[in-house]
Amino acid sequence: MSDLVVADLVAGYGDARVLHGVSFTVREGEVCAILGPNGAGKTTLLRALSGVVRVRGTVTLGGTTLAGRSPDTIARHGVAHVPEGRGTFMPLTVEENLRLGAYVRRGGAEVEEDLGRIYTYFPVLKTRLKQAAGSLSGGEQQMLALGRALMLRPRLLLLDEPSLGLAPLVTRELFRIVQAINAEERTTVVVVEQNAHLALGIAQQAHVLETGRIVLSGTAAEIRADEQVAQSYLGYRV
Amino acid sequence: MAGFVQQVVEGLGAGAIYASLALALVLIYQFTGIVNFAQGELAMFSTYIAWQCVAAGLPFWLALVLTLAVSFAGGMLIERVIIRPVEGAPELTIVIVTVGLFIFVNAAAGWIWTFLIKDFPNPFPGGALEAAGVSVSFSTLGVLGVVAAVMGLLYLLFQHTKIGLGMRAVATNPASARLVGIRVGRTLALGWGLAATVGAVSGVLVAPLLFLEPNMMGGVLIYAFAAATLGGFDSPLGAVAGGLIVGVAETLAGAYVGVIGSDLKVGVPLVIILGVLLLRPQGLFGRAVVERA
């Protein structure tokens with residue numbers, strides 16, 4: 001089993017602590033949504049999981065300790081992080097961006113095969129292979145970022161606000177693809193999202209983060225039914 | 001006419017040397033955003049190592065291979081020991097560190113090998129190729145050939161190898177490179193090693209034409225700065241083109257513009273730097289970054 005286990009996670013920037021002891025578990029192959037207002041620490045949580053910020057506490061994936069390791073080592077353990085701002089290598093071509101996603105993998109044939117798979121998920125990328133990634137639209141760049149992450153064949157996929165700045169139609173398409181990937185490849189996903197509707201639509205479990213602490217946890221259905229959440233994040237009363 | 005062509009050929013020969021040092025400058029700038037003022041001194045130090053090997057009785061080409069290897073290791077070491085601690089510091093801090101490195105390497109070379117000039121062997125045969133009244137020395141041809149080969153190898157490395165792709169990724173977006181699993185620290189050290197190696201080639205090419213002494217690369221560095229500025233600090237191809245243009249411009253100005261002559265031609269790179277910064281700050285081949293948000 002390669003469950004993600006997070007326990008008593010403390011993280012921050014310099015002296016400013018952002019996460020004050022966060023604990024949760026994501027079972028292998030499940031999608032976990034992290035909801036919460038701006039400044040709750042959602043992005044920091046993902047950064048803590050991928051090693052971009054220093055942490056105290058426990059993070060393990062399938063029993064392997066990730067806490068305290070560097071981002072490149074954590075990536076080598078199969079964690080793909082699509083960061084805020086998408087992390088595109090702007091002047092490089094679309095194809096080079098995708099190949100970089102598989103940088104730590106060996107086995108050329110498998111990588112070629114996976115490139116083909118990415119093109120079936122995102123046909124638009126195939127038409128722009130030799131184009132500089134910086135010239136893509138926001139939606140295309142988000143697809144590229146997701147494609148790059150998938151090229152790692154990740155055990156754990158971390159998505160930071162995939163809907164940010166995208167048209168509703170593009171966002172829905174993106175979430176549909178994330179769901180398909182999760183279903184077909186059993187990739188564990190942690191998604192941070194402002195759009196609670198969409199996130200709860202594909203998640204099994206959800207946690208609400210407020211000022212660095214988890215204030216509510218449950219199945220996606222339970223969270224959706226919670227009146228407090230409905231008022232704060234879904235914009236309606238149940 | 002033959003006289004003019006002759007001047008252009010001389011200019012290309014000189015320009016190829018500026019190009020090779022400019023290439024080293026551009027390599028480090030691309031990776032780290034650092035303008036390495038010590039690049040010329042490192043090249044000079046490498047050249048002394050080559051001289052020492054030859055003086056110890058090694059055949060020239062073996063000495064060269066050894067020198068390139070030592071330069072590569074030295075470049076990596078400098079990144080690890082001197083540059084790493086100031087990584088992410090303000091630009092001014094890093095500039096001062098490289099200026100300090102300049103002074104240190106210069107003094108170290110003087111201390112080890114004294115400031116007396118030394119004769120450096122020319123690896124290329126004497127004599128020249130003559131055609132239509134223009135004579136091209138084998139030495140000039142050799143310099144052009146070597147610089148073309150270095151350029152070709154770097155192109156292959158960056159465009160057609162996985163490690164080259166990783167290096168370009170680090171140059172563009174180090175944070176994102178780390179997230180795909182690239183060891184960024186090691187890659188930066190590799191970039192410094194590579195630049196030191198290219199610089200060593202430049203030193204070995206220039207030494208037979210001038211004399212080997214600790215201040216040998218001072219002038220060349222100025223020309224290399226002009227070349228990199230002209231070509232664009234983020235473009236290796238631009239660095240080479242810039243070097244050749246600077247070399248030709250300097251030679252022609254010295255030969256044909258009476259007031260400039262051979263005394264004032266060192267002013268040419270200054271004029272080029274100023275002109276480029278005013279008219280086209282990104283350089284001829286540099287990218288003025290255009291991105292969609």
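Two residues count as in contact here if their C-beta atoms, placed from the backbone, lie within 7 Å. Keep that cut-off in mind for the helix pair I start with. One caution before that: this is a predicted model.

So, chain B. Take helix α2, residues 39-55, and helix α3, residues 60-83. Their axes come within 9 Å and cross at roughly 145 degrees. The crossing of α2(B) past α3(B) is right-handed.

Which residues of α2(B) meet α3(B)? From α2(B) we have B:Ser46, B:Ile49, B:Ala50, B:Cys53 and B:Val54. Facing them in α3(B) are B:Phe60, B:Ala63, B:Leu64, B:Leu66, B:Thr67, B:Val70 and B:Ser71. Look at the spacing in those lists. An α-helix has 3.6 residues a turn, so residues three or four places apart point the same way. By class, the α2(B)–α3(B) contact has nine nonpolar residues, three polar ones and no charged ones.

Now the annotation. UniProt, in an unreviewed entry, puts the feature "transmembrane region" on chain B at residues 12-29, 49-73, 94-116, 136-158, 188-210 and 266-290. I checked two of these spans against the model. Residues 49-73 of chain B are 84% helix and 0% strand, with the end C-alpha atoms 13 Å apart. Residues 94-116 of chain B are 87% helix and 0% strand, and there the end C-alpha atoms lie 31 Å apart. Helix α2(B) covers residues 39-55 and helix α3(B) covers residues 60-83.

Next, chain A. It has ten helices and ten strands. Its C-alpha trace spans about 45 × 40 × 35 Å along the principal axes. How does its radius of gyration sit against the globule rule? For 238 residues, a compact globule would have a value near 18 Å; chain A has 17 Å, so the two agree. Of those 238 residues, 47% count as buried. Take the contacts in chain A between residues at least 6 apart in sequence: 67% of them join residues at least 24 apart.

One helix of chain A deserves a stop. That is α3(A), residues 94-101. It is mostly covered, with seven of its eight residues buried. The buried ones are A:Val94, A:Glu96, A:Asn97, A:Leu98, A:Arg99, A:Leu100 and A:Gly101. What do they pack against? Within chain A, the partners are α4 (108-121), α5 (123-126) and α6 (138-150); from the other chain, α6 of chain B joins in.

That brings us to the interface. The contact takes 24 residues from chain A and 18 residues from chain B. On the chain B side, α6 (162-172) and α7 (174-179) each supply at least two residues. The largest share, five residues, comes from α6(B). By class, this side of chain B has seven nonpolar, five polar and six charged residues.

Last, two backbone points in chain A. A:Arg86 has phi near 75 degrees, a positive value in a residue other than glycine. A:Arg86 sits in the loop between β6 (79-82) and α3 of chain A. Buried or exposed? A:Arg86 counts as buried, because it has 22 C-beta neighbours inside 10 Å. A:Glu161 is not a glycine either, and its phi is positive, about 45 degrees. Its place is the loop between β7 (156-160) and α7 (168-185) of chain A. A:Glu161 also counts as buried, with 22 C-beta neighbours inside 10 Å.

That's my tour. Questions, please.

Note on methods
Residues numbered from 1 in each chain as written. Chains lettered and ligands numbered in written order. Predicted model: local features only at pLDDT ≥ 70, side-chain atom pairs only at ≥ 80, totals over all residues. Helix = DSSP H or I, 4+ residues; strand = E, 2+ residues; numbered from the N terminus. Nonpolar A, V, L, I, M, F, W, Y, C, P; charged D, E, K, R; others polar. Axes fitted to C-alpha atoms, helices over the stretch in contact; angles between N-to-C directions. Left-handed = near helix turned anticlockwise from the far one by under 90°. UniProt positions renumbered as here; feature names shortened; annotations may be inferred. Rg over C-alpha atoms; globule rule 2.2 N^0.38 Å. Buried ≥ 20, exposed ≤ 12 C-beta atoms within 10 Å, placed from the backbone.
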